[in-house]
Amino acid sequence: MPQRLKLEVRERLLAAAAAVFAEQGFERARLADVAERAGTSSSNIYKYFADKEALFDEIVTPTLAGRLLRLLRGRIRELRAIGNWLQADASGSERARALLSFWIEQRLVVLILLRGADGTRYAHVRNLMIREMVRLASGYVTDKAGAAPTPLMDFMLERTFTRTLDTIADTLSAYRDAPSIQSAISLFWRYQLAGLQSLLDPDASGGDRQAFTGP
């Protein structure tokens with residue numbers, strides 16, 4: 001019985017820490033906040049974890065960070081093979097469903113990686129995600145237009161995908177249950193996919209190819 005109680009306390013501390021890190025970010029989070037959320041004392045945390053870093057490393061792992069990146073890469077690559085991007089939301093894309101499921105299942109971890117990992121070894125993950133999305137989208141433009149994107153296109157892609165991550169983080173922060181997250185992301189994807197297709201495939205939308213790929 002005593003050992004079972006210790007395991008329960010440890011799990012309660014991990015749950016509380018995940019919520020605090022997601023809300024405040026690693027740098028601003030205090031062990032006192034974690035203890036209060038878990039209904040215990042700050043000194044009790046040190047019976048289970050050496051310090052704040054050790055507690056964080058139990059929550060955000062290389063496996064989870066790597067899986068997020070792999071799912072994201074697969075999702076972006078898929079768009080190169082889909083003709084109508086409006087059908088590439090979770091209802092029409094297995095990779096979109098897999099990515100969305102991961103966001104829901106690992107909601108707090110994803111929130112931490114998107115905007116709360118400064119001061120940790122995962123601080124680079126957010127920018128890496130943006131760079132990967134820009135790189136893969138630029139490859140799509142090159143394939144379609146036969147020329148590398150202009151600096152203007154690269155700038156627009158970087159801004160677009162930065163706001164994409166902000167919107168995902170805002171959604172995961174505002175909603176906790178799966179149906180609400182699914183509905184919110186579905187609305188966002190409907191808007192974003194139409195915009196991306198118009199931006200990246202000017203021929204399909206009657207846009208100005210030269211503005212993005214040069215003469």
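**Ground rules.** I am working from a predicted model, where local features need pLDDT of at least 70, side-chain atom pairs count only at pLDDT 80 or more, and totals for chains, interfaces and linings use all residues. Residues are numbered from 1 along each chain as its sequence is written, and side-chain values use heavy atoms, with hydrogens and water left out.

**Helix 4.** I started with residues 52-59, which form helix 4 (helices are DSSP runs of H or I, at least four residues, numbered from the N terminus). Which of its residues are buried? I found K52, L55, F56 and I59 (buried means under 20% relative accessible area, exposed over 50%, partly exposed in between, with a 1.4 Å probe and protein chains only).

**Salt bridges.** My search of the whole structure gave eight (a side-chain nitrogen of Lys or Arg within 4 Å of a carboxyl oxygen of Asp or Glu). One of them pairs R10 with E58 at 3.0 Å, N to O. This pair links distant parts of the chain, with R10 in helix 1 and E58 in helix 4, 48 residues apart. I noted R10 as partly exposed at 24% and E58 as partly exposed at 42%.

Next I looked up D170 and R115, which also meet at 3.0 Å, N to O. They sit 55 residues apart, D170 in helix 9 and R115 in helix 7.

Terms used
Helix = DSSP H or I, 4+ residues; strand = E, 2+ residues; numbered from the N terminus.
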